[in-house]
Structures are given as C-alpha cells and as structure tokens.
Amino acid sequence: MEILRTLGIEENNQGASTGVHWNTTRENGKIDVVSPVDGRLLASVFRASEEDYRDVSLAAKEAFSVWRKMPAPKRGEIVRQIGDALRDKKNALGALVSWEMGKSLQEGLGEVQEMIDICDFAVGQSRQLYGSTMASERVEHRLYDQYHPLGTVGIISAFNFPVAVWAWNAMLAVVCGDTTLWKPSSKTPLTAIAVQHILAEIVAANKLPEGLFTLIIGSGSTVGEQLLQDPDVPLISLTGSTRVGRHGAQVVASRFGRAILELGGNNAIILTPAANMQLAVPAIVFSAVGTAGQRCTTTRRLIVHESIYDRVKDVLVKAYGSLRIGSPLDERNHVGPLIDVSAVAAYQKALEALQEQGGTILCGGNVLSGKGFESGCYVEPVLAEAENDYPIVQEETFAPILYLIRYSGDVENAIALQNDVVQGLSSSIFTENLREAELFLSAAGSDCGIANVNIGTSGAEIGGAFGGEKETGGGRESGSDAWKGYMRRQTNTINYGTQLPLAQGIKFDI
Ligand code: UN1
C-alpha cells in the first residue's frame, strides 16, 4: 500500500523508539495489525520489552534536562515545524487512520486536522505560559507564581482517536518544556509509528535531544504497568475505559504522581418540546453513529419529552433506515466498521442484555456479512427504547447503540435523568427556550465537563478544555488553560527591603 511506504511503515516494525533510534527487540512476538475495513494485514509490530521501556524512559529523562532550559517560544517553533510536517503528510496519515482504525476518510483527515490545530494552539501558548503577580501583605516584598516544566509526560492513548488525543497532550507538554513517552493502543500502533517517523525528522533536523518524543508499543500488563509505576514520569495522561483508568489512577496516586484521566462517557442529548428538529435530527444521528459509535463523546442516550416522543421516534427510525454502512474509504457511506471482532461481540452482548432488561430494538442489531463486510466488523446501528436505570444503559458500550428514553413534566426531570449515570463527559440540550437552555448550563444543570446547546455531544473543538467529571476521571486536555496541568506551579516571595516582616503580623524578635 502506497501510504504505508510514504509514512515509513515496513512489513515488520519495531515497538520502541527513543526518538530517532528504534530498538531491536524481537523476542516478545509481534502484533499483527489487521484492518477492520477489509480484514487485510496492514503490517506487524514487534512488541517492546521491559528493557526497551527502561531505555525510552531514560532517554526521555535525559532529554528533559536539556529541553526544559530552551525558551518556551523556541519550543513553540519546533511545534510549528511539526504542524507544517503534518500538513504535508495529512492525506497519507489521514488515510492510514482510516485503514487502521476504520473511521471514515473524512474523519481520518479531520483527526489529522485536529493535530494541526492543536499545534497552532500550542505555538501561541508557548508565548503565554502566564503566572500571576499577587499583592504581598508585607512591605517591599514581591509575591508571584510561575510555571515550570514538569518532566516526562506519559501519554496512554486509545484506539478511537489514535493520533489526535496524543497530539493534544504532546504538543502542550513540549511547549511547556516536558518530554513525552507515548504508549498507543496495541490496536492502532501503525499510526503512532508513522507519527514517530515524522517527529524523528524534526528532532534530527533541529539537533534536538533524542528522547523528546519516545514511543513504546507493547502489552498493558508489562510496559503499560511499568509506565504507570515509573517514578521518572510525574504525569500520566490516560485515555481509555473507566476500568483501565481506575487501575491506572490508583497506581499513579500511590506514588504521588499526577494523572489526567479521560475515561468513559455516557453522553445524552435532551430534546424538549421547544427543540428545533431541523437542527436536532442530523446532530443526533451524527453524534450517535459517527465513528460507528466509538467516540468517548458519542451520544448514547436520547432523553425526549413525552409530547414529542412518538414523532421523534418515527423520524429517527426513518433516518436510521437511510444510513449506508460499508467501507469508510467510500465517502457515500455513513457508518464504517467497529475496531475488531471483540468490539462486535460486546455490541451483541449489550443488545442481549438490553432485551433481557426490558428494552426494545426499533431498528438495526445485525452483524453484516458477505461482500464488502469480510472483516466481520460491520454492524447495523441500533435505535432502541429503554429506561435510564437499566444496568446496560448505565454502562458505556463502545458501539452505535442509541437508547431512547422518555421524560415527562419539566426540563428538570430530563436533567435529572441525564445526570443519573456514573459518567460525566458530554451532554447537550436542544431547545429554543432560553429558560431551559440556561438552566441546563447552570450550577443545577448538566454535571458534565462538556455541556452544549443546539449541537450534538461529539465533535468538540480543540480550543476548549476537553474532559469530564465523575467516573470520566476529572482531567482536562487540549484547549483553554489545560496547559497548566503539564507544568508545576511555583510561588515565589522576594524581599527587596531591609526589614524582615513576618506574614500574619507575627513578631519574632531576637
Ligand atoms: C475521544 O473520543 O476520546 O469531541 C475524543 C470529539 C473529538 C474528540 C473525541 N474532538 O468527539
């Protein structure tokens, strides 16, 4: 495949890089990367060893001692070059995202655009690592805080956004003066290797310390666990399921490391009687079936007022009937494959549980086979009627299953249902009623990290902080002031006078 060659992917690739150099471990076997698009073997990657982990961690640590001293705007200049390199490789990398992960080519290109956008954002941020100056209560004293680089940032990324979420973290981390250690999902190692090749050219051309960008690909229970436990990695940014995140958070907390967690969502859209259906219907369908339901921000619950419930149900059944499922590389299709056959099994299991618990499938529910579906990863998006308190509705199933839930009375009841799950990532309301919209956004409204009005739950821009509350983990990445999470704050008091006044008016004469 031409794009593989363009991006430096070979038939067999190594799973660890300290920057420009690749380790040569072969004894841990390899990961065969099979495309969910058509079941073809794209390439293989040799799993990294525990020794490889120690190499990359040391390289990142050594690079930090140099990188932290480079002025932040100069660090931004390197990120500018990365953004330019991504612009050059956008088509090939976007296509590889689609082949490896199975999202549409539009979305694969959009994912690379998201990387470019965060590069631009980080370049600007590199000149704005602001601290505050505070008024000191003491005479001839100055009190201020400043932000310093933190160290190596471990980035554990998920298969569904194999490169963009890494970029959100890495581009901010490096302008903040940190070095990075990336463990991508074992389901999508090729896009990570392609990105590492792009970075290696920039590291070499600018004679940067090797170890600025390091990569480790291997099993979670070996190198993943080493990363969580590594005292030389003061911050772990982890994107994944709540189950994986709960373990990771505990391990990192036990060594007093910091964690930025972006875990499961159970995102809902509320449709009130004042909803504009022209906006709502396409937003619901895109948010529910886009990326085959495999975004953290995918809409999983639709909470609809009883007075419009039947109409909404009919419109959606019709819309779902017109969805075209098939290769994500064919732009006429709306829905591509799930990542692998184990995701298909989880989809089937969820549908069984739903029916056992009293839910009704209105449309979809089959796994597709035959021509064009040889990978076994294509499923029909499901629209189902359910109650919010069904155990299966309370869980995140990473597949295109949308639960229709009815509410009655005021919007407060819908908000209560929306909040009545353990996750807290994204949420939306469709209404043209100001009171409903403002209540939803108020302190008594949505309890999620992201709350939208008249747009869907997915597709956030990089300019805003991204993350959620409760079992979503509480972390924030990407825009707004998320950069502060990648630095250590230091508060400084300077006495430029000739006296030694103590704070709180304490007298201590000797
Ligand atoms: C994710 O699914 O982990 O808001 C990230 C969105 C994308 C990012 C999703 N910009 O849907």
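Reader: What separates the centres of domain 1 and domain 2, taken over C-alpha atoms?

Author: The centres of domain 1 and domain 2, taken over C-alpha atoms, are separated by 31 Å; domain 1 covers 2-263 + 473-491 and domain 2 covers 267-453, with bounds that come from an automatic or database domain assignment. This is a predicted model, in which local features need pLDDT of at least 70 and side-chain atom pairs count only at pLDDT 80 or more, while totals for chains, interfaces and linings use all residues. Residues are numbered from 1 along each chain as its sequence is written.

Reader: And how many residues of domain 1 are in contact with domain 2?

Author: 17 residues of domain 1 are in contact with 17 residues of domain 2, where contact means that the C-beta atoms, placed from the backbone, lie within 7 Å.

Reader: Which elements give two or more residues to that side of domain 1?

Author: They are helix H3 (72-101) and helix H4 (105-125), helices being DSSP runs of H or I with at least four residues and strands being runs of E with at least two, numbered from the N terminus. The largest share, 3 residues, comes from H4.

Reader: Changing topic, which residues are around the ligand?

Author: The residues around the ligand are Asn160, Phe161, Val165, Thr239, Arg295, Cys296, Thr297, Ser458, Gly459 and Ala460, a residue being near a molecule if its C-beta atom, placed from the backbone, lies within 6 Å of it. Domain 1 and domain 2 each supply at least three residues of this shell.

Reader: What about the largest nonpolar core: which residues touch the most other members?

Author: Of its 142 residues, Cys119, Met171, Leu172 and Leu302 touch the most other members. A nonpolar core is a set of buried Ala, Val, Leu, Ile, Met, Phe, Trp, Tyr and Cys residues joined through C-beta atoms within 7 Å, and a residue is buried if 20 or more other C-beta atoms, placed from the backbone, lie within 10 Å of its own, exposed if 12 or fewer, and partly exposed in between.

Reader: What is Cys119 in contact with, leaving aside its neighbours within four places in sequence?

Author: With those neighbours left aside, Cys119 is in contact with Val79, Arg80, Ile82, Gly83, Leu86 and Met171.

Reader: Last one: is Asp389 buried or exposed?

Author: Asp389 is exposed, because 12 other C-beta atoms lie within 10 Å. Asp389 is found in the loop between strand E15 (382-385) and helix H12 (391-394), and 9.9 Å separate its C-alpha atom from that of Gln357, which is 32 residues apart along the chain.

Note on methods
Contact = placed C-beta atoms within 7 Å.
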